[in-house]
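This report describes selected helices of one protein and the surroundings of some of their residues. Please consult the sequence and the structure while reading.

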Amino acid sequence: MRRRSRVWRLVAEAVEDTPIESQEATEPKPPFWRELWQAPALAGAVVLLCGALVYAVVTRGSIDISARLDRCEALIESRKFLEAIDSLNGQVFPSLAKGKVSPGEVRRFHLLLARALYRGQKDLGLDKPENHKNILRSYEEAIAVDALLESSDFYALADTQLSLGDTERALRWAERLPPEDAPRAREIRRRVVERELKTAGSESTEILGLLSTMLEEANQSDDERAWVVQVQGSLLLQSGMADEAIARLLREMQRLDRASGEARSKLHLLLARAYVEGGATAQASTQLDFAEGLMLDTDPARSTLAYLRGLVDDAAGDLESARDRYALIVDEMGASDESLPSMLRLGEVEASLGHTAESLDAFTRLIGAMEGHRTHPDVSRERVVRGLLRLSDDRLERRELTDALAFARKAERLMGIDERPSEVFLAVARAERALADVLIGDRPTIGVPTLRGLDPASREEARRHLIAAGSNYRQHANRMILPDYQAYGDSLWMSADSFDLAGDSDEAVGAYQEFINSFPEDPRRAEARFRLGRAYQGRGELQLASDLFQGLVNDRNDPQVKGVGLWGDLSYVPLAQVLLDDADASNDARAEQLLLSVVDGTVVREPDAAMYRDGVVALADFYSRSGQDTRAIARYDEAIDRFPDDPERDLLRFHLAESCRREGDRLRGLLEGSIPESERQRLESLWRERTARAGTLYAATVEALSQRSPAHMSAVVTRALRDASFYAASCAFDLGDYDAAIRAYDEAYTRYPRDPASLVALVQIVNAQLAMGQSERARASNERARRFFESIPDEAWNDPYLPMGRDDWERWLESSARLASVSDDQVFGNEDGTRMSRLRRAQPRLVEDLEARLKRYERLRSMERLSSDRRCGSA
């Protein structure tokens, strides 16, 4: 019973393990033929097996198992493997399960099943791991019951083990093949070598030992020996041992004079490759000539011949010939083994010839082929990336920045972000940053560069390069934290710097904070504190900015804190700006003192030009916002005179015009009071001078800003151009130059035909024509103004930045009343009440409508004017 149980279990494993469907490893399954053979006959085999079991229970008569096994063996010899397996499962297995067979029949059953499975799979061209495992199990069952294996079984076991990747067991079974089957043993060893070369490459010491054994075998053909020598030489070359490869090839090739021409040509090609790697191009060329003389015209190795000739030309400096040979392989031998290395060398040679576009095209084709899973031992992704980075570094050093970036981007494409070498991130970052630096220009000797002086198109392009540089520097920094802490700090700094210049304050703040915390002794730490404060200031986080700037100011004279002096000096102006911009008016006086200490040199001695310029402009803006226009005029004049190349010169001129105009308004208010005649004449002269200068400055602003493309103008610049257009005309009107005022208002209306501010121009044209006595023209112009007024939606008048004040609305009321045929004594007399009450009687509906709008307008203007001027001043 013990043997019977064992045979049933073993037979069940042999049968049920034939692949049908997946089962747990603890539940072995018999080898049914359906999935193994992928043939519909499996169902019949199962039915036969079940029927056999039933029949064995019902009838207990004797069965001639030996005859059935003979029949199965005959079927195998006749290559009827499917029938053999069906018979073994259906006619023999039931008796085996009942223990009604002899030990010899058990041995025959397992051995025949193993042979049928192995030869049947070969016959059908299948190569399924499940089938290989079942074949091995069947052989193991046969060996377990002492079955006598034949030479074909040893080969089948070696072949099956090799198919499963177990090269060690495959070699052991090959060693048991008898001498007459030595060629088959050598075939197994050769396949083991080929398999190991694909997986282990030249690092496998087992391969070298096996090759030495194979070379010493007797009764080999010269072609077989030539193959062994070729593999040995290739491994030596892959290990960088070109001289050893040459010596071995020269020695062994003398013994292979009876090898075929094909075999000897491959050895000459290999020897030529070794000479190329050793720098002996003349000897390499000679070997290539020998190889070509042994080749047929249809020999696939001709692509290798062409590739090696290209390497010889390349090494000899004949780059054009090398390029032509590589291109021939790529274009006409694209399916050959040498097409991938030819694409690589073609890209590198084209780059050496200065043909960047052609080089990039070759690399694009190479990367596409590699993405399509084409491989070659000499063309790994790492090798291609190294070549691309070398070309990128070369172009960067030669200041061919666009090309440097293009090569780096190719390397970036070849590997995903998680597996990408850190050098790729660094190459992309350096190229992107270099392109941005070209646009930015020379870096200031003191302070930090800005994009302020760039035209809008260049500024946007620089920002794009800076964002890309910052991102790649950040990636490089993250990968350098452990291997190279200094490189981590350098890339982190460059990331922060790039994001900061690009205006990406969120990324800049994070990078600066990390740098400050990670590098407490770095000499750039003070600058990082300053620029972090600037970033906070730009984000409106004024308290955080104030704390950083105040800390730098406090540390500037502290000998214990190194490197702060310059950045402490530079912190005065932004600290003052932050104090002026916050909601606390009590610290404005301190802010003014900070600015004066910069521009007067009382604290910050010999400030640099940029610091001085920022201090003067900030002081002028402060005086302008606080109504100290006389002081503002002096500071704006100073800034414009001392910095004629300032990129914001046109805006400074506009702000100077604004201060002159407001100072003129103040003086006109004084003239309306009771003052001595001599003082009146002085004030009137000063008023005219201020108003005339404001008009001239406004006109210059219009001329300068109108040259810019509207698509590239900021909101502040756009509003300055609009306001300057109307105020230039307004100044001419106030000075009584009505012809000039009408021309200027007409130009402003033409430039802004749908802007609500154009109502000012239309109304003032009416007023100017009335002042010149042109009543009919004034009436027509007034109708045009009324139509324009009614075409504008009500919400448009809520804009607090419209250059239309209370005087403008009142003048229009007066002009409308006069044009409505109301006599002057009705409208402008004072015997019946105020002027406004008479206007209200003359035009009640118009007055009611305009007064309601005027009240709403004045309320919004009073709330927003201060913040508007502040934004204009800091832009």
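## Helix packing and buried residues

Glu-592 counts as buried, because its relative accessibility is 14% and the cut-off for burial is under 20%. The model in which this value was computed is a predicted one. Glu-592 belongs to helix 30. Apart from residues up to four places away in sequence, Glu-592 touches Leu-619, Phe-622, Tyr-623 and Arg-631.

Val-599 is also a residue of helix 30. With a relative accessible area of 9%, Val-599 is buried. When its neighbours within four places in sequence are set aside, the contacts of Val-599 are Tyr-612, Gly-615, Val-616, Leu-619 and Arg-635. Between Val-599 and Met-611 there is a separation of 12 residues in sequence, and their C-alpha atoms lie 8.7 Å apart in space.

Which residues of helix 30 meet helix 31? On the side of helix 30 they are Asp-588, Glu-592, Leu-595, Leu-596, Val-598 and Val-599. Their partners in helix 31 are Met-611, Tyr-612, Gly-615, Val-616, Ala-618, Leu-619, Phe-622 and Tyr-623. By type, the residues of this contact comprise 11 nonpolar, 1 polar and 2 charged.

The arrangement of two packed helices is described by the angle between their axes and the distance between the axes. For helix 30 (residues 588-599) and helix 31 (residues 609-625), the angle is about 145° and the axes are 9 Å apart. The crossing of helix 30 with helix 31 is left-handed.

A further buried residue is found in another helix. Asn-782 is located in helix 38, which covers residues 775-791. The relative accessible area of Asn-782 is 3%, and Asn-782 is therefore buried.

| Residue | Helix | Relative accessible area |
|---|---|---|
| Glu-592 | helix 30 | 14% |
| Val-599 | helix 30 | 9% |
| Asn-782 | helix 38 | 3% |

The length of a helix can also be examined. Helix 22 (residues 422-440) has 19 residues, so at 1.5 Å a residue it should span 27 Å. The C-alpha atoms at its ends are 27 Å apart, which agrees with that expectation. After helix 22 comes Gly-441, whose phi is positive, near 95°.

Conventions: Residues numbered from 1 in each chain as written. Predicted model: local features only at pLDDT ≥ 70, side-chain atom pairs only at ≥ 80, totals over all residues. Heavy atoms only, no water. Helix = DSSP H or I, 4+ residues; strand = E, 2+ residues; numbered from the N terminus. Expected span 1.5 Å × (residues − 1). Axes fitted to C-alpha atoms, helices over the stretch in contact; angles between N-to-C directions. Left-handed = near helix turned anticlockwise from the far one by under 90°. Contact = heavy atoms within 4.5 Å. Nonpolar A, V, L, I, M, F, W, Y, C, P; charged D, E, K, R; others polar. Buried < 20%, exposed > 50% of the residue type's maximum accessible area, 1.4 Å probe, protein only.
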